[in-house]
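Please look over the structure below. A short briefing on helix packing and chain contact follows.

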Amino acid sequence: MESFKQAFELLFSLDKELLQIIGVTLRMSFFSTTISCLIGLPLGALIGTKNFRGKRFIKKLIHTLMGLPPVVAGLFVYILFTHYGPFGSLNLLFTVEVMIIAQVILITPVVIGLSSSFIESASKPVIETARGLGLSRSKIVGLCLSEGRSSLFSVVLNAFGRSIAEVGAVSIVGGNIQWKTRVMTTAIMLETNKGKFSFALALGIILLLIAFVVNALASFIVKENADD
Amino acid sequence: MIEIKDLKKCYGERTVLDIPYLKIDENETVAFAGANGSGKTTLLRILAGMIKKSDGTVDVPEKILYMPQQSYAFRGDLIKNITVGNSQKEKAEELLEKLELSHLTDKKAVSLSGGELQRLSLCRVLSRKCELLLLDEPTSACDARGAELVIKAIKEYKNENGCAVLMSTHSPVLALNSADRLIILNGGRIEADGRPKEVLNNPGTEWAKSFIAGWKTDA
C-alpha cells in the first residue's frame with residue numbers, strides 16, 4: 001500500500017525528474033515501435049502472402065530472433081557504436097537514439113514473426129478472393145493489412161509492450177544516465193540496487209499505469225475502426 | 001480457347017486430377033459435376049493460377065476471373081465490397097439491382113446471409129471484364145430464387161462479354177439451365193462429356209449412370 005501511495009504522490013507532485021524519465025521512456029518506445037512496425041509489417045505481409053525458396057529457413061531465423069536476449073542485442077549494438085566500432089564516429093553511444101536502434105533490433109523480428117503468422121493463416125480467403133479478381137500483389141498486401149488491422153494492431157501493442165518493459169539492451173547502450181538516458185525500467189533497476197524497494201515498486205506501478213493507458217487508448221481506436 | 005494436355009495434380013502418391021486432353025471453346029459455358037473430391041475445384045484452381053499443376057500443359061487466356069467456393073466479405077458496405085481494387089460504382093449498383101441485393105446496399109457485407117454473400121461475390125467478379133470466368137459452386141448457398149438470379153446474371157454477363165465460363169456445381173438446375181456442356185468428373189478423371197441433356201440421358205459409364213440417377217432425384 002505504501003508503494004501505491006508513493007506512486008500517486010510522485011505522479012501528482014509532478015516531480016521534474018520523474019516526468020523527464022516518463023518522457024524519455026515514451027519517446028523511446030514510440031520511435032522504436034514505429035520504426036519496427038514500418039519495417040516489420042510490410043516484411044511480415046510479404047512473407048505471409050508469398051511463397052518463395054528459403055521461406056521456411058527465413059521463418060525459422062525470425063522465430064529464433066524473436067527470442068533474442070535483450071542483453072545480447074545491447075552488446076551487439078554497443079560493439080557497433082563504441083568509440084572503436086564501425087559506427088563509433090557517429091558518437092551515438094549513451095544516447096536515446098542508440099537505445100532506439102537496439103530496441104528496433106529486438107522488436108522488428110517480433111513484428112515480422114507475429115504479423116506473417118497472422119497474415120498467412122487468417123488472410124487466406126482474402127488472398128484467394130483478391131487474386132481471383134486479378135488484383136496486383138501490392139493491392140493484395142494492402143487488402144490483407146486493411147482487413148486484419150485489428151489483429152495487426154495487437155501486434156503493434158505487443159511491440160510497444162516489449163519496448164516499454166525492456167531493460168537489458170537499453171541499460172547497456174544507454175548507460176542509465178540521469179536526465180539523459182534514464183528510462184522507467186533502468187530507474188527501477190537502480191532504485192532496487194540501492195535497496196529502495198518501495199520507491200522502485202512505486203515506479204513499477206507508474207510504468208504499469210502508462211502501459212494500461214496506452215493499451216486502453218489503442219483498444220479504443222481499434223474499436224472505433226472495427227465497424228468500418 | 002482453353003486447351004489442357006496431360007494435366008495431372010498429385011499430392012504425394014495421390015493423384016487428384018488426371019485429364020489427358022480437354023478443349024473448351026472461347027464462348028462455351030461448361031459445368032463440371034462430380035462427387036466431393038472428384039477434382040472440380042482443383043481443376044478450376046489450377047486454371048485460375050491459384051495452385052500449381054504437377055504435370056502437363058494448360059493454355060488459358062490472359063484475363064481470368066475466379067470466384068472461390070468460400071465467399072468472403074470484406075470490411076465495409078456492399079458497394080465497397082464490389083468495387084474493391086477499382087471497379088465502377090455504377091456497374092456495382094446495376095449488379096446489386098440485378099441480383100436483388102440493392103435493398104441491402106448500405107448494410108455491412110459481414111451481416112449478409114450465406115446466400116446473399118454468395119450473390120455479392122458474384123457481383124464482385126461480374127463487375128469486371130474477362131476472357132475466362134471460373135466459378136466454383138456459384139449457387140451452393142442460394143435458395144431457388146437466388147439460383148435463378150445467379151443463372152440469369154451469368155448468362156447476361158456472357159452475352160455482354162463473350163467469354164468462356166467454367167463452373168463447378170452440385171446443382172442439376174445450374175448445369176441444365178446455363179451450361180452448353182456438362183463434364184462429369186470422378187476421382188480426377190473425366191467420366192462423361194457432352195451436352196447436358198445428352199449426358200443426363202446417356203451418361204456412358206456405370207459410375208456416371210449412378211451419379212446421374214442421384215442427380216435426377218435431386219432435380
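Which residues of α8(A) are buried? They are A:L152, A:V155, A:V156, A:A159, A:F160, A:R162, A:S163 and A:I164. Note that the model is predicted.

- Helix α8 of chain A covers residues 149-165.
- Helix α5 of chain A (residues 96-122) packs with α8(A): their axes come within 10 Å and cross at roughly 160 degrees.
- Angles over 145 degrees count as roughly antiparallel, and α5(A) and α8(A) are therefore roughly antiparallel to each other.
- The crossing of α5(A) and α8(A) is right-handed.
- On the α5(A) side, the contact uses A:Q103, A:I107, A:V110, A:V111, A:L114, A:S115, A:F118 and A:A122.
- On the α8(A) side, it uses A:S151, A:L152, A:V155, A:N158, A:A159, A:R162 and A:S163.
- By class, the contact of α5(A) with α8(A) holds 9 nonpolar, 5 polar and 1 charged residues.

**Helix α3 against α5**

- Helix α3 of chain A (residues 55-66) also packs with α5(A), at an angle of about 130 degrees and with the axes 8 Å apart.
- α3(A) and α5(A) are therefore oblique to each other.
- Their crossing is left-handed.
- From α3(A), A:I62, A:H63, A:L65 and A:M66 make the contact; from α5(A), A:P109, A:V110, A:I112 and A:G113 do.
- The contact of α3(A) with α5(A) divides into 6 nonpolar, 2 polar and no charged residues.
- A:V110 of α5(A) takes part in the contact with α3(A) and in the contact with α8(A).

**Helix α6 and its surroundings**

- Helix α6 of chain A spans residues 124-132, and its buried residues are A:V126, A:I127, A:E128, A:T129, A:A130 and A:G132.
- These buried residues pack against α2 (16-49) and α7 (137-147) of chain A, together with β5 of chain B.
- A:G134 follows α6(A) and has a positive phi, near 75 degrees.

**Contact between chains A and B**

- Chain B brings 16 residues into contact with 13 residues of chain A.
- On the side of chain B that touches chain A, β5 (64-67) and α4 (114-126) each supply at least two residues.
- β5(B) gives the largest share of that side, 4 residues.
- By class, that side of chain B has 10 nonpolar, 3 polar and 3 charged residues.

How values were computed: Residues numbered from 1 in each chain as written. Chains lettered and ligands numbered in written order. Predicted model: local features only at pLDDT ≥ 70, side-chain atom pairs only at ≥ 80, totals over all residues. Expected span 1.5 Å × (residues − 1). Buried ≥ 20, exposed ≤ 12 C-beta atoms within 10 Å, placed from the backbone. Axes fitted to C-alpha atoms, helices over the stretch in contact; angles between N-to-C directions. Parallel < 35°, antiparallel > 145°, perpendicular 65-115°, else oblique. Left-handed = near helix turned anticlockwise from the far one by under 90°. Contact = placed C-beta atoms within 7 Å. Nonpolar A, V, L, I, M, F, W, Y, C, P; charged D, E, K, R; others polar.
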